[in-house]
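Colleague: I am learning to read a structure model. Could we go through this one together, taking a question at a time?

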Amino acid sequence: MDLDRLTTEGRNPDTMDIDTLDTMGILRKINDEDKKVALAVEQELPSIAKAVDIIVESIKKGGRIFYVGAGTSGRLGVLDASECPPTYGVSPELFQGVIAGGIKALYSSTEGAEDDREQGKRDLSEKGLKDIDVTVGIAASGRTPYVLGAVDYARSTGCRTVGIACNKDSELEKIVDVMIAPEVGPEVIMGSTRMKAGTAQKLVLNMLSTASMIRLGKVYTNLMVDMKASNEKLLARARRIVKLATGAPDEIVEEALEGSGYHSKTAILMILKGISREQAEEELKKADGFIRKAL
């Protein structure tokens, strides 16, 4: 295995003395390196936009989005997928994380699992992949066998594919439809890709899911109006969202939320147009879920 050509495996010349520094000195070094991550992601915005368009098209057709990764990359995919249902009110089936080693790998290291290319194929095949789905392969190196196997299988089904890595000209780049490759450079600690590479991957995943949900009408202004109010904190947030969107008094907000089954989007339209729940739901259906269109 040739690690020398991978920038993520390089030795960072700016942190060679990190073991001689006091706590504040160590933290400044880490922070200085982290500042480079957002700029590296910025360079990939055109590719990220292409990936978002593919995801939106897939969801409109009834497709699902699969994040596939190993280690830190896999955990980040599971994290982003698991946050979509409560934030945007979508089915847990819409965004799914597939991680080498299965559930155990979320809390315990199973590093050997990433080397099994065939297992990547098997794990994804168990999801009943369709050609309207999208598979997003995540691997800091761009060469993880488990991820490559899963992406190979996805291609064989006609599924669209996206790659996220932090090295250019990777094996992953050669087999995906769209490649997103923010080059964050060598890590603070050589090879510790949970740091800058992991941060870059998280930023990209944030963009993929958030931009897709905005494009699908899950956001009004900058409010998460399809959020599932499933606990006290989220109930309080739902009240605040409806109040900010409408400017209505608290009692009107509460009445509309109760009348809408605590669905913020419906409650907002009920207040702004002075209509019933049934009418609001019908208006939203005609507007493909977009409040602005319904208004």
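Colleague: What share of the contacts in the chain with a separation of 6 or more comes from residues 24 or more positions apart?

Modeller: This is a predicted model, in which local features need pLDDT of at least 70 and side-chain atom pairs count only at pLDDT 80 or more, while totals for chains, interfaces and linings use all residues. Residues are numbered from 1 along each chain as its sequence is written, and side-chain values use heavy atoms, with hydrogens and water left out. Contact here means heavy atoms within 4.5 Å, and among contacts with a separation of 6 or more, the share from residues 24 or more positions apart is 65%.

Colleague: How many helices and strands does the chain have, and what part of its residues is buried?

Modeller: Helices (H or I, at least four residues) and strands (E, at least two) are DSSP runs numbered from the N terminus, and the chain has 11 helices and 7 strands. Burial is judged by relative accessible area, with buried meaning under 20%, exposed over 50% and partly exposed in between (1.4 Å probe, protein chains only). Of the 295 residues, the part that counts as buried is 48%.

Colleague: Which residues outside its sequence neighbourhood does Y67 contact?

Modeller: Neighbours within four places in sequence are left aside here, and the residues that Y67 still contacts include F95, V136 and L208.

Colleague: Which residue forms a salt bridge with R117, and where do the two lie in the chain?

Modeller: A salt bridge is a side-chain nitrogen of Lys or Arg within 4 Å of a carboxyl oxygen of Asp or Glu, and by this rule the count comes to 20. For R117 the closest N and O atoms of the pair are 2.6 Å apart, and the partner is D152. The pair links distant parts of the chain, 35 residues apart, with R117 in helix α4 (residues 117–125) and D152 in helix α5 (residues 145–156).

Colleague: Are K218 and D226 buried or exposed?

Modeller: The side chains of K218 and D226 meet in a salt bridge, at 3.4 Å from N to O. As for their accessibility, both K218 and D226 are buried.

Colleague: At roughly what angle do the axes of helices α7 and α8 cross?

Modeller: Axes are lines fitted to C-alpha atoms, for helices over the stretch in contact, and angles run from 0 to 180 degrees between N-to-C directions. The axes of α7 (residues 232–246) and α8 (residues 250–259) come within 10 Å, and they cross at roughly 115°.

Colleague: Which residues of α8 make the contact with α7?

Modeller: On the α7 side, the contact is made by A238, R239, V242, K243 and T246. On the α8 side, the residues are D250, V253, E254 and L257.
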